[in-house]
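User: I would like to go through a structure with you, one part at a time. Could you have it shown here?

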Amino acid sequence: MMSPGRLARLVGHNAIRNRRHFALSAFGIVVGIAAFIFFLALSMGVRGWVLELFPIDQVEVIAPRTSLIGSLGMESQADLNDAVAAKIREHDGVRAVVPRMSIAFPALGVWWYQDTKLKFDVVGDGINPTYLADEPQGALFRDYEAEEKGKPAVQCGPAPKLFCPDLNYCDTRNNTCHHRVPMLVSRKLVEIYNTQFAKSRGLPVIGAMEEFIVQRGGLSKMRLHLDLGATMIEATTSTLRGPPRRIEGVLLGISDKAIPIGVTVPIGYVERWNREYLGDEAASTYSSIVVQLDGKDQVGPFASWVEKQLGLRLQDSQGQQFATVIFVVTLFFLLISFCIVTISAINIAHNFFMQVSERRREIGLLRALGASQADIRGVFLGEAALIGLVAGVVGMGAAVATGTAVNLLARQFLPDLPFQPASFFAFEWWILAGGLVFSVLFCLLGGFLPARKAARMAPAQALAQQ
Amino acid sequence: MAIQSPNPVVRLRDVHKAYGSGAGRTPVLRGVSLEVQSGEVVALVGQSGSGKSTLLNIVGGLDDADSGGVEVLGVDYAVARDAALSRLRNDRIGFVFQFFNLLDHMDCLANVILPASFARETRGGPRGAIERGRAVLDRVGLTELAHRRPSELSGGQKQRVAIARALFHSPELLLCDEPTGNLDTDTGREVIELFTDINRKDGVTLLIVTHEERVSSTAGRVIRISDGCILDGDGQAEARAEERSA
């Protein structure tokens, strides 16, 4: 058997000589491998992005719908409390448990924005600030009211007029300063604002939240009023225990852990407000419990345990749904890529059979000069592998270039939305390496039968060809 | 009559070969026996289709005999596998063809060192192969044409390059199939002189298939083939006796 170096030299000579055949054979493989890498990288990129937004190793435990209220789309929350949270925390494979508590009474939000007074009924919930410790806004997302407890209150008020420090507001009930309630919103809400609200009202679109805050003049300008116990919905008839009162909030930014539609504040505020307006039961009942598991494999067993042991259920994971859709779409495109590469391999086989026929005399000569059957097979398979290697590299380059172009076009033509990822593609090393390996493998597959035919050719008859 | 010797370079015993099958089966060699001694120059002459080229191919291991024994340079073809036969052709046998069989996408030097691609080991590695290639090109008087393509050479020059390639691994046996068949008289004479020189100086055994008198006249022994049989001295087929006995 020839040494790899000698084989490479001979294969290189032949490739240069048969450039046209080489290019014709490689073309289909280039297209197939480029499509394979492009779609796989797109799938992985989008999948990673979706799972970042909707992590599937994170589930949300909710109370089961009751037959009567469930038909109205409402959910009973009676069973979610500290005792349940403690049971879940003790279960195997549970990394973290984060209860969420909805603001269970009406509240009215007022936001002065671009000389427009935006008024809206507030939907919101509270979560433990430690859940956001690793986020950029984590340091500011605190229960300031609890921290102020026991400390001397800073006075403010109408006469003589005293001002509160930055990020504080004056509570007119007792003329004392309080830190504004830190609030977070979800990307989804900003997206809805951008696409549904801002356009119809001539308001500017919010791009990167950090830039938006700086443009507005910093966090001190990101304030909004919250009228607790008030509502714009006239038909609302709830019996609240306390009178309406105004507080101020500060919008810190966007978080994927915020409630999809509404505002999220530290859970201590919600507990106190629910107690103030609805009583103790509302202050100890959670709307859901977010559970972080050790891995996505734990989801199934955990869901089963929650249903059987606690009589609760998991909220449908959007991440899992999206991931499934992406998987199916990816599979479809990969199948198309596979078909292209397979047809290309057949094309390579056809081209190589022609080559073997045209190069009979050369094969005979090589045999006369001492090439064994294995050497001849090696030469043809080496040529096929070289086509695969070159086509794989070109296909890889084409896929990356197309991906880059798509990203550039997306950046140029899609609005600057918070949902938009930096890149739609994840050109992981294993995808590129896989594309290259596939390319070489399919070419070797295409070249196998022609190489065998060449090796088995009788040298004397091959040499007799004119 | 076949010559009997303890260690001939080539020994054929009752070799039969036919092409085709069934009713279309055409015998090409019919019980050929032959021995060639080391250092001999043997000319195989005969009319077109007499089987001389087939005989040469069988000796070179490029074709198989249907029956009979073939032993070349001590290698019994009946038991040798493809790798062993390939090694024999690469190391110890040189081929020279009527149509030169040079690869036009390579220059002369690359053509000459082509056998090194299939060698188990080449003295001095790739550089050693190039040095050896230059030396054999020098031997055939074509040093200055080392980097020319075969298409740029005359017929005689091409055949010299082909001879240089055959000499690359210093073969013990040179098998030549109509080596002057595609050359003019003067160039043909030069090639014959080169063969004579190779035989005299290097002791290489030559088996030359030819139908040209000027080539056979330089051979030490002339073997005539007719209808797949070797003719004896009076022009009678050796196989006649075998046919009678069959």
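User: To begin, which strands form the open sheet in chain B, and in what order?
Analyst: This is a predicted model, in which local features need pLDDT of at least 70, side-chain atom pairs count only at pLDDT 80 or more, and totals for chains, interfaces and linings use all residues. Residues are numbered from 1 along each chain as its sequence is written, while chains are lettered from A and ligands numbered from 1 in the order in which they are written. The open sheet of chain B has six strands in the order S6-S7-S8-S3-S9-S10, with mixed pairing. Strands (E, at least two residues) and helices (H or I, at least four) are DSSP runs numbered from the N terminus; two strands pair if DSSP finds at least two bridges between them.

User: Which strands are at the edges?
Analyst: Strand S6 (93–96) and strand S10 (229–230) of chain B are the edge strands, each pairing on one side only.

User: What packs on that sheet?
Analyst: Helix H5 (residues 155–167) of chain B does, touching S6 and strand S7 (173–177) of chain B. Contact requires C-beta atoms, placed from the backbone, to lie within 7 Å. The direction of H5(B) makes about 170° with that of S6(B).

User: And in which sense do S3 and S9 of chain B pair?
Analyst: Strand S3 (residues 41–46) and strand S9 (residues 221–226) of chain B pair in the parallel sense, over five bridges. Val45(B) stands opposite Arg224(B) in S9(B).

User: Now chain A: at what angle do H12 and H13 pack?
Analyst: Helix H12 (residues 373–413) and helix H13 (residues 429–456) of chain A pack at about 150°, with their axes 7 Å apart. Axes are lines fitted to C-alpha atoms, for helices over the stretch in contact, and angles run from 0 to 180 degrees between N-to-C directions.

User: What does that angle make them, roughly?
Analyst: The angle makes H12(A) roughly antiparallel to H13(A), a term for angles over 145 degrees. By class, their contact has 19 nonpolar, eight polar and four charged residues. Ala, Val, Leu, Ile, Met, Phe, Trp, Tyr, Cys and Pro count as nonpolar, Asp, Glu, Lys and Arg as charged, and the others, Gly among them, as polar.

User: How many residues of chain A are in contact with chain B?
Analyst: 20 residues of chain A are in contact with 20 residues of chain B.

User: Which helix of chain A gives the most to that side?
Analyst: H11(A) gives the most, with five residues. The residues on the side of chain A that touches chain B divide into ten nonpolar, four polar and six charged.

Conventions: Parallel < 35°, antiparallel > 145°, perpendicular 65-115°, else oblique. Contact = placed C-beta atoms within 7 Å.
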